[in-house]
Amino acid sequence: SNSSDLSSSSFILASIPGLEAAHFWMAIPLCSMYIVAVAGNCAVLFIVKTEPSLHAPMYFFLCMLAAIDLALSTSTVPRVLSFYWFNTKEISFGACLLQMFLIHTLSAIESTVLLAMAVDRYVAICHPLRHAAILTNALTVKIGLAAMARGVLFFLPLPLLLLPLPFCNSRVLSHSFCLHQDVMNLACANTTPNVVYGLTAILLVMGLDALLICISYALILRAVLQLASWKERLRAFSTCVAHIGVVLAFYVPLIGLSVVHRFGRGLAPLVRVAMGNVYILVPAVLNPIIYGVRTKQIQRRILSLIHI
C-alpha cells in the first residue's frame, strides 16, 4: 500500500539538489549562528538577573524573548546540524509533530511578548507617571503566563488535526525541520480543516498582534509629535528603536516564509531551505545584539565581563 502507517511513518528532511556534498560546509555558518544565538541570549538572561537596575517590566519581557529564542533554536538547529553533518535525514512522525508544535507555539508566544513590549512602550511614553503603577512585576509575570497559555491553546490543535490523515507517495519536506503547512501538503486526503484552522490561528495570533503593535506605535507617534521640541521627540522615540528592531527581526522572516509557502512553489529548493533557516535563527541572533547596542546597562555589563 502507498499509504503509510502513522505509527511507523517518517519524513525526509529537505536537502538541496546538487549540493548534498556541500552540506558539511553549509552547516558551519549555521552552527556559528546558533552558537552566537545561545551565547547572546544566555548573556541577556544572566545580565538582567544580576543587574538590579534592569529589574523592570521591559527587561523581564526581554528575558522572555531570550528564553523563547533559546528554546526555538534548540528545538530545531541541532537536528538540522545532525542532518547536514551525519546525513540523518529521516525524522519520525512523532518527532516531527513535536517539533512542529514547538516551532508554532513558541513563535506565537514570542509574538504575544512583542505585543506586550509595545504596550509597555506606549504606557512609558504616553502615561509616564502611571507606568510603574500599571505595569508591575506581578502583571508582567501574568502576561508571560497568558502568552504561554495562548500559544499552547491556539497551536496544540495543529498536530492533533494531522494525526488522522494518511500520508502517501512523497514524504520529502520542503525544509530541514517540520512546519504545519509543509507536513499537511504531504497528506493524501482532504486537508481543508487543517488549512482553515491553521490560517485562523495565524490571523488571530500573529496577525492580530501585528495589528495591535501598529496601533500602539501610531498612538506613540501621535504623543511624540505633540512634544515641544525635536530633541524631546527624538529622546522619547529612541526608547522604542530596540523594540522596533526586534519586531522587524521577527515579522519580516515570518512573512517571508509564509510568502514562500503560498506563492513559491516554483522557487529553487535553496531558497526555501534558506528562508526556513532565516526564520529560525535570525531573530535569536539579532535580538540580544539589538538590545545590547541600545541598552547602556547591558553594554557596560558585557564590557565588564569581557575585561574579567
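Colleague: In which helix is the place of phenylalanine 155?

Modeller: First, this is a predicted model, where local features need pLDDT of at least 70, side-chain atom pairs count only at pLDDT 80 or more, and totals for chains, interfaces and linings use all residues. Residues are numbered from 1 along each chain as its sequence is written, and side-chain values use heavy atoms, with hydrogens and water left out. Helices are DSSP runs of H or I with at least four residues, strands are E runs of at least two, and both are numbered from the N terminus. Phenylalanine 155 falls in the run 137-155, helix H6.

Colleague: Is phenylalanine 155 buried or exposed?

Modeller: Buried means under 20% relative accessible area, exposed means over 50%, and partly exposed is in between, using a 1.4 Å probe and protein chains only. Phenylalanine 155 has a relative accessible area of 1%, so that residue is buried.

Colleague: How many Å separate the C-alpha atoms of phenylalanine 155 and phenylalanine 101?

Modeller: Contact means heavy atoms within 4.5 Å. Leaving aside neighbours within four places in sequence, phenylalanine 155 has contacts that include Phe101, His104, Ile202 and Met206. Phe101 is 54 residues away along the chain, yet the C-alpha separation is 6.7 Å.

Colleague: How many residues are in the largest nonpolar core, and which have the most contacts inside it?

Modeller: A nonpolar core is a set of buried Ala, Val, Leu, Ile, Met, Phe, Trp, Tyr and Cys residues joined through side-chain atoms within 4.5 Å. The largest one has 81 residues, and those with the most contacts inside it are Phe11 and Leu114.

Colleague: Why is the pair of phenylalanine 11 and phenylalanine 167 called edge-to-face?

Modeller: Rings of Phe, Tyr and Trp (its six-membered ring) pair if their centres lie within 6.5 Å; planes under 30 degrees apart are stacked, over 60 edge-to-face, and the rest tilted. The structure holds 7 aromatic pairs. In this one the centres are 5.3 Å apart and the planes stand at 85°, so the pair is edge-to-face.

Colleague: How many residues apart are phenylalanine 11 and phenylalanine 167?

Modeller: Phenylalanine 11 is in strand S1 (residues 10-12), while phenylalanine 167 is in the loop between helix H7 (157-162) and H8. The pair links distant parts of the chain, 156 residues apart.

Colleague: What kind of aromatic pair do phenylalanine 83 and tyrosine 84 form?

Modeller: The two rings are 5.3 Å centre to centre with 35° between the planes, and that pair is tilted. Phenylalanine 83 counts as buried at 1% relative accessibility, and tyrosine 84 is buried too, at 6%. In short, the kind of pair is tilted.

Colleague: Which residues do ring pairs link into a cluster?

Modeller: Phenylalanine 11 and phenylalanine 167 are both buried. Phenylalanine 11 is in contact with Phe93 and Phe167, among others. The cluster linked by ring pairs is Phe11, Phe93 and Phe167.

Colleague: About how many Å³ of space lies in the largest pocket?

Modeller: On a 1 Å grid over the protein atoms alone, a cavity is a set of points where a 1.4 Å probe fits but cannot get out, and a pocket is an open set with protein on both sides within 12 Å along at least five of seven lines; lining residues have an atom within 4 Å of a point. Grid points are joined across faces, edges and corners, and a volume is the space filled by probe spheres set on the points. For the largest pocket, that comes to about 570 Å³.

Colleague: Which residues are closest to the centre of the largest pocket?

Modeller: The lining has 24 residues. The closest to the centre are Gln181, Ile202, Leu254, Ser258 and Arg262.

Colleague: How many charged residues does the lining of the largest pocket have?

Modeller: Here Ala, Val, Leu, Ile, Met, Phe, Trp, Tyr, Cys and Pro count as nonpolar, Asp, Glu, Lys and Arg as charged, and the others, Gly among them, as polar. H9 supplies the largest share of this lining, 9 residues. By class there are 15 nonpolar and 8 polar residues, and the number of charged ones is 1.

Colleague: Which element gives the largest share of the lining of the largest cavity?

Modeller: The largest cavity has a volume of about 30 Å³. Its lining includes Leu30, Phe177 and Asn277. The largest share, 3 residues, comes from H12.
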